[in-house]
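My notes follow in the order I worked.

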Amino acid sequence: MEVKLVECPRDAMQGLKEFVPTDIKAAYINSILNCNFDTVDFGSFVSPKAIPQMRDTAELLGKLDLKSSSSKLLAIIANERGAKDAVKFEEITYLGYPFSVSEEFQKRNTNSTIEESLHRVENIQNLALKNNKQLVVYLSMGFGNPYGEHWDADLVIKWSERLYSDFDIKILALSDTIGSATNDTVDYLFKALIPALPEVEFGAHLHTRRENANGVIEAAYNAGCRRFDGAIKGYGGCPMATDDLTGNMPTEIMISWFEKNNILLPINKNAFIDAMNESNKVFYAH
């Protein structure tokens, strides 16, 4: 299976305090759509009070040039209402739902308990299947817990197994929400999960410091992971997790690691350079 790269401009932009005009977002995401990423996590259908930066996702969608792009679109949703909004758009292939193995983070992120979140997964999966969409479930706090709650690898394995067996979730992305993953944890989790659930596509959504990036990419790849999320220049992080944002996995570091290890990627390098330049208009100007 070839490596799939998922570029996440939504994750990069969502914590910016100053609103980025829709046309500037659209120009940036259109530059990303030229790069030949497998998937682009472009926006979210969530409460504008919770994430004001994403309040224009529906309008943004109308400004994207999808005809010349092979990339599929993913939108994040936090509840059934958001899913109902998202499934109306034929252009969206994937709905992304953050399911947390931490009770505290589930409350912070989606204003629900884990038990309530399971019901949401069921309802959203039903909506997705009816509307020809695929649900991607992110296992938030998949590599550690900052709130003093119990966490171990077996907990992540238990929830992964349940999400697959109860709701037939076929894509699970382990999410390092606060940058706590170590090479050993990444290695252990993917080596445990991938053989145990061969029908599931496991992804790595890692928030990391630049100096740790190569180590966790290598650990994930060598353990069998072939789906990697990133954001150009490592912008972003989760504004619901802690006050101190740990940035996203920098896409350019991922691309460089794969190239050095002779792993072929379908990325258009010239378009990627253009997208890196376009990012300055979004992030340095805001």
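**Helix pairs**

I set the handedness rule before looking: a crossing is left-handed if the near helix is turned anticlockwise from the far one by less than a right angle, and right-handed if clockwise. I also noted that this is a predicted model, where local features need pLDDT of at least 70, side-chain atom pairs count only at pLDDT 80 or more, and totals for chains, interfaces and linings use all residues. Residues are numbered from 1 along each chain as its sequence is written, and side-chain values use heavy atoms, with hydrogens and water left out.

I took helices (H or I, at least four residues) and strands (E, at least two) as DSSP runs, numbered from the N terminus. Two packed helices are described by the angle between their axes and the distance between the axes. The axes are lines fitted to C-alpha atoms, for helices over the stretch in contact, and the angles run from 0 to 180 degrees between N-to-C directions.

I started with α8 (residues 183–196) and α9 (residues 210–222). Their axes are 8 Å apart, and the packing angle is about 20°. That makes α8 roughly parallel to α9. The cut-offs I used are under 35 degrees for roughly parallel, over 145 for roughly antiparallel, 65 to 115 for roughly perpendicular, and oblique for the rest. α8 passes α9 in a right-handed crossing.

Which residues of α8 and α9 meet? I counted a contact as heavy atoms within 4.5 Å. From α8 I listed Asn183, Val186, Asp187 and Phe190; from α9, Gly215, Val216, Ala219 and Ala220. By class, this contact has 5 nonpolar, 2 polar and 1 charged residues. For the classes, Ala, Val, Leu, Ile, Met, Phe, Trp, Tyr, Cys and Pro count as nonpolar, Asp, Glu, Lys and Arg as charged, and the others, Gly among them, as polar.

Next I checked α2 against α11. Their axes come within 8 Å and cross at roughly 160°. α2 is therefore roughly antiparallel to α11. The crossing is left-handed. On the α2 side I found Ile24, Ala27, Tyr28, Ser31 and Ile32. They meet Ala271, Ala275, Glu278, Ser279, Lys281, Val282 and Phe283 in α11. The residues of this contact divide into 8 nonpolar, 2 polar and 2 charged.

I then turned to α10 (residues 251–260) with α11 (residues 269–283). The angle is about 155°, and the axes are 12 Å apart. So α10 is roughly antiparallel to α11. This crossing is left-handed. Thr251, Glu252, Ile255 and Glu259 in α10 meet Lys269, Phe272 and Met276 in α11. I sorted the residues of this contact into 3 nonpolar, 1 polar and 3 charged.

**Single residues**

Is Ser71 buried or exposed? I used under 20% relative accessible area for buried, over 50% for exposed and in between for partly exposed (1.4 Å probe, protein chains only). Ser71 has 9%, so I noted it as buried. I placed Ser71 in the loop between α3 (57–61) and β3 (72–77). Its side chain reaches the backbone oxygen of Phe37 at 2.6 Å. Setting aside residues up to four places away in sequence, Ser71 touches Leu33, Asn36, Phe37, Asp38 and Val40.

Asn36 sits in the loop between α2 (22–33) and β2 (39–45). Its phi is positive, about 75°, although Asn36 is not a glycine. At 28% relative accessibility, Asn36 is partly exposed.

I looked up Asn111 for its backbone too. Phi of Asn111 is near 55°, a positive value in a residue other than glycine. Asn111 lies in the loop between α5 (103–110) and α6 (114–130). With 66% relative accessibility, Asn111 counts as exposed.

Ser175 is in strand β6 (residues 171–176). Ser175 is buried, at 5% relative accessibility. Not counting residues up to four places away in sequence, I found Ser175 touching Tyr138, Leu139, Ser140, Met141, Gly142, Phe143 and His205.

My last entry is Glu161, in helix α7 (residues 153–167). Glu161 is partly exposed, with a relative accessible area of 35%. Leaving aside neighbours within four places in sequence, Glu161 is in contact with Ala196 and Leu197. The C-alpha atoms of Glu161 and Leu197 are separated by 7.3 Å, with the two residues 36 apart along the chain.

Definitions and conventions
Polar contact = N/O pair within 3.5 Å; in protein donor to acceptor, adjacent residues only side chain to side chain.
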